[in-house]
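Biologist: I've got the model open and would like to walk through it with you. Can we start with pairing in the strands?

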Amino acid sequence: MSSTWTLTKMRLRLAVRNRAFFFFSLVMPLIFLFGAVALIGHGRTEWVGYILGAILTTTVMGSFWGLSVQLVTFREQGILRRFRLAPLGAGPMLASSILANYFLVLPVVAFEILVCRFAFHMQSWGDLAAILLLVTVGSSTFSALGLIVASVTNTMQETQMINNLIWMAFLFLSGATVPLAVFPGWLQRVALFIPAQYLATGLESAATSLTTRAEMITDTTALLLGLLVAFEVSRQLFRWEPEAKAPRRAKLWVLAALVPFLAFGIWESATGTRLKHIDQNFDTIRAMAERIPGAR
Amino acid sequence: MADAVIQVENLKKNYGAVEAVRGLNFIVERGEVFGLLGPNGAGKTSTVEMLEGLRTPDGGIVRVCGLDPQKSGEEFKQRIGAVLQSTALPDKLRVKEAVELFAQFYHHRADTEKLLARFQLQEKQTAFYSHLSGGQKQRLALAMALVNDPEVVFLDEPTAGLDPQVRREIYDIIEELKREKKTVLLTTHYIEEAERLCDRVAIVDHGRVIALGTPRELKHSSAGTTRIEVRLAHSPVNGLLAGLDGVSDCREFEGTYVLHSSRPPQTIVSLVKQLEAENNELQSLEMFSPSLEDVFIELTGRRLRE
């Protein structure tokens, strides 16, 4: 545990000394936030909570890129080899990446909430406990998913290509950029299999105080199971040496990390309650924004 | 044998069809500085990395402090220190942070302040790794190798690519380790380094030990001849140089004729006479005392840095 904490502190130090990291993890989400409130919410305070949920989702999902990419750079440059000489296993290297990501995400999340509440006059604080829980589990899960990609790719180029593909799916099928409620039915069902959907739905509900206990349990459990599987898979596939190439079949392990989401997707698709809830929540917020009499 | 810290028996390593290490055997005693001397591609780095546990042998037995590097994991790593052929650290890591970071991974930790002072890194302790010179990076690598006060230190070509001044500084550090009775395994392709620092040397070529002993023993085994290197204006008549007084061996390396002579003055006199007779001209002549280079040439017919 002490090695993990030692490495976490090192990663945090390196991250704050990296201007690019600072830009992508703090400045970019804020630009999105301002843009979304202005363009999507048209300045209506009723929308701010919902938009906050979406922005928090992209911030937390950013952990997918975060320090996992750094791990590939470390491997390519031979830095991991030096660490391999020390009494360290793959576990602390990976866990420190997840922890550091989490500590870097927390202040950004807090800042986004404060901006929404005070600069954009968000009507309530939302369910802060639920937000904290989802941010904690979500950041760890997406970091771990990023680590799997880092483990199965051989070069930085390959990592970025695969990350971009997965990132696009996360971004556009999760409900973080386009509300799931406006998707056609078949696409909504596809979204049920996307890990990011559990985070986006959970955070949007939590930020607008429309979350239910059952929904929270489902979202957190799906993300938590995803985290456990992803961490173990990335630990098994971890490579220290730049010349140790991942066999092609190793890439299939990425799919293993999606098994929990596949199971939850099948279940939710069969019951249909989640999609109904997503539609209801969206309608409620829209009604509030349009001030339809009788809306909640 | 009772005090053997490193034991290597019939060690083998292949990379595809290439046999990098072909049945290496040697023992390193406690407190000894042992050198693996050989040209690039001889299998030195593969060997040392198998001893460090970074590579898996394809055959043979390796024991370091009685432990199998492949199976003993953390316990093994607690007891060794190593400088890789090329050490890389994150660019934005500061010198002092790097030493302290690695120290924290070990149960037994050396005083990091003292280490920085010992390796003349105090003034650079807040500098980023990317801002260090080659020599400073290597001194930092050495400091990091000693953060756990290890029983065995592996140094893989620790002075390669460094300028002579820095190289001498590194020699001083290794000599200090020797005085501290640390067991050191050093790989090098510098003759001077092996002769100056090592108690015993294994000369390695094509993955095999071709000679093993103290530098003195090895030099004596080469018949104690003096090496004379000459360059001539024109190629000499076949067999002319080999037939000179006292010459026991003559080879040509890229226009330089390397003669081994047991009676150097007579050889030089007869060389000058023969060249006059042939109307040839001496462009340069250098004489060297017997060295490990001569041993290598005798055994392989090649120079170490060919």
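Biologist: What does Leu11(B) stand opposite in E2(B)?
Modeller: Leu11(B) faces Leu24(B) there. Keep in mind that this is a predicted model.

Biologist: Ok. And which residue is the bridge partner of Lys13(B) in E2(B)?
Modeller: Lys13(B) has Val21(B) as its bridge partner.

Biologist: How many bridges are there between strand E1 and strand E2 of chain B, and in which sense do they pair?
Modeller: There are 9 bridges, and the sense is antiparallel. Strand E1 covers residues 4-15 of chain B and strand E2 covers residues 18-29 of chain B.

Biologist: What about the hairpin of E1(B) and E2(B), how many residues sit between the strands?
Modeller: The hairpin has 2 residues between the strands. Gly16(B) takes a positive phi there, near 65°.

Biologist: Which strand do 5 bridges join to E1(B)?
Modeller: That's strand E4 of chain B, residues 59-64, and E1(B) and E4(B) run antiparallel. As an example of a pair, Val8(B) has Val62(B) in E4(B) as its bridge partner.

Biologist: So in what order do the 3 strands of that open sheet come?
Modeller: The order is E2-E1-E4 in chain B, with antiparallel pairing. E2 and E4 of chain B are at the edges with a single partner strand each, so each has one side without a neighbour in the sheet. On average, neighbouring strands of this sheet are turned by 15° against each other, direction ignored.

Biologist: Remind me, what do strands of a sheet pair through?
Modeller: Backbone hydrogen bonds, and the pairing can be parallel or antiparallel.

Biologist: Which helix lies across E1, E2 and E4 of chain B?
Modeller: Helix H1 of chain B, residues 44-51, lies across those strands. H1(B) runs at about 125° to E1(B).

Biologist: Zooming out, how many helices and strands does chain B have?
Modeller: Chain B has 10 helices and 13 strands. Its C-alpha atoms fill a box of roughly 75 × 45 × 35 Å along the principal axes.

Biologist: And what share of chain B counts as buried?
Modeller: 42% of the 306 residues of chain B. If you take the contacts in chain B with a separation of 6 or more, 69% are between residues 24 or more positions apart.

Biologist: New topic: how many residues of chain B are in contact with chain A?
Modeller: 19 residues of chain B are in contact with 17 residues of chain A. On the chain B side, the elements giving two or more residues are helix H2 (73-79) and helix H3 (95-103) of chain B. H2(B) gives the most, with 3 residues. By class, the chain B side that touches chain A has 11 nonpolar, 4 polar and 4 charged residues.

Biologist: H3(B) again. At what angle do H3(B) and H5(B) pack?
Modeller: About 25°, with the axes 9 Å apart. That makes H3(B) roughly parallel to H5(B), because angles under 35 degrees count that way. The crossing of H3(B) and H5(B) is right-handed.

Biologist: Which residues make the contact?
Modeller: H3(B) puts in Val95(B), Ala98(B), Val99(B) and Phe102(B), while H5(B) puts in Leu140(B), Ala143(B) and Met144(B). The contact has 7 nonpolar residues, no polar and no charged ones.

Biologist: Where is Gln125(B) found?
Modeller: Gln125(B) is in the loop between helix H4 (112-118) and helix H5 (134-145) of chain B.

Biologist: How many other C-beta atoms lie within 10 Å of Gln125(B)?
Modeller: There are 18, so Gln125(B) is partly exposed. A residue needs 20 or more to count as buried.

Biologist: What's Gln125(B) in contact with, leaving aside neighbours within four places in sequence?
Modeller: Val95(B), Lys96(B) and Leu116(B). Also, the C-alpha atoms of Gln125(B) and Glu97(B) are separated by 8.0 Å, though the two residues are 28 apart along the chain.

Biologist: Over to chain A: at what angle do the axes of H2(A) and H6(A) cross?
Modeller: Roughly 25°, and the axes come within 10 Å. That makes H2(A) roughly parallel to H6(A), and the crossing is right-handed. Among the residues making the contact are Leu26(A) and Leu33(A) of H2(A), plus Leu104(A) and Val108(A) of H6(A).

How values were computed: Residues numbered from 1 in each chain as written. Chains lettered and ligands numbered in written order. Predicted model: local features only at pLDDT ≥ 70, side-chain atom pairs only at ≥ 80, totals over all residues. Helix = DSSP H or I, 4+ residues; strand = E, 2+ residues; numbered from the N terminus. Buried ≥ 20, exposed ≤ 12 C-beta atoms within 10 Å, placed from the backbone. Contact = placed C-beta atoms within 7 Å. Pairing = 2+ DSSP bridges. Axes fitted to C-alpha atoms, helices over the stretch in contact; angles between N-to-C directions. Nonpolar A, V, L, I, M, F, W, Y, C, P; charged D, E, K, R; others polar. Parallel < 35°, antiparallel > 145°, perpendicular 65-115°, else oblique. Left-handed = near helix turned anticlockwise from the far one by under 90°.
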